[in-house]
Amino acid sequence: AQGRGTNADGEPVVLDLSRARGEDGTVEDDVIVDIGEPGSDDAVGLRGGGSEGVIAFTDDGASGSDIEVSDFVSDPVTLSFDVACG
């Protein structure tokens, strides 16, 4: 699932959510968040995720709460989201 919008500061945000299953059967949820104008020097990319269930996928969208995401340089931030698919 993918969603686009703005954050509380009015900056553009792209949220990309996925679930992958490894050959060993392990399932991982991935959360990618890009904040700011794509390609700009000020844009920030955050990554997070974990085991299956971090993201709740439904027929109508996806949601998650209290997911830690990080740029692997700064301290992690906590993310909650609700993406409606249409």
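Arginine 47 is partly exposed, because its relative accessible area is 32%, and partly exposed stands for values between buried (under 20% relative accessible area) and exposed (over 50%), with a 1.4 Å probe and protein chains only. This is a predicted model, in which local features need pLDDT of at least 70 and side-chain atom pairs count only at pLDDT 80 or more, whereas totals for chains, interfaces and linings use all residues. Residues are numbered from 1 along each chain as its sequence is written, and side-chain values use heavy atoms, with hydrogens and water left out.

**Salt bridges**

- The structure holds 2 salt bridges, a salt bridge being a side-chain nitrogen of Lys or Arg within 4 Å of a carboxyl oxygen of Asp or Glu.
- Arginine 47 and aspartate 34 meet through their side chains in a salt bridge, at 3.5 Å from N to O.
- This pair links distant parts of the chain, with arginine 47 in strand 4 and aspartate 34 in strand 3, 13 residues apart.
- Aspartate 34 is partly exposed, because its relative accessible area is 33%.
- Arginine 19 and aspartate 29 form a salt bridge in which the closest N and O atoms are 2.6 Å apart.
- Aspartate 29 belongs to strand 3 and arginine 19 to strand 2 (residues 12-21), so this pair ties together parts that are 10 residues apart in sequence.
- Aspartate 29 counts as buried, at 0% relative accessibility, whereas arginine 19 counts as partly exposed, at 35%.

**Surface charge**

- Asp9, Glu11, Asp41 and Asp42 gather on the surface in a patch of negative charge. Such a patch is made of residues with over 30% relative accessible area and no salt bridge, like charges being joined within 9 Å.
- Aspartate 42 is exposed, because its relative accessible area is 67%.
- The loop between strand 3 (27-35) and strand 4 (44-51) is the place of aspartate 42.

**Overall fold and dimensions**

- The protein chain has 0 helices and 7 strands; helices (H or I, at least four residues) and strands (E, at least two) are DSSP runs, numbered from the N terminus.
- The pattern of the protein chain, read along the sequence, is β-β-β-β-β-β-β.
- The C-alpha trace of the protein chain spans about 40 × 35 × 20 Å along its principal axes.
- Of the 86 residues of the protein chain, 26% count as buried.

Technical notes
Patches are made of residues with over 30% relative accessible area and no salt bridge: like charges are joined within 9 Å, nonpolar side chains (Val, Leu, Ile, Met, Phe, Trp, Tyr) within 5 Å. Accessible areas come from the Shrake-Rupley method with a 1.4 Å probe; for residues, only the protein chains shown count as cover. Lys and Arg count as positive and Asp and Glu as negative; His and the chain ends are not counted. The place of a charge is taken as NZ of Lys, CZ of Arg, CG of Asp or CD of Glu.
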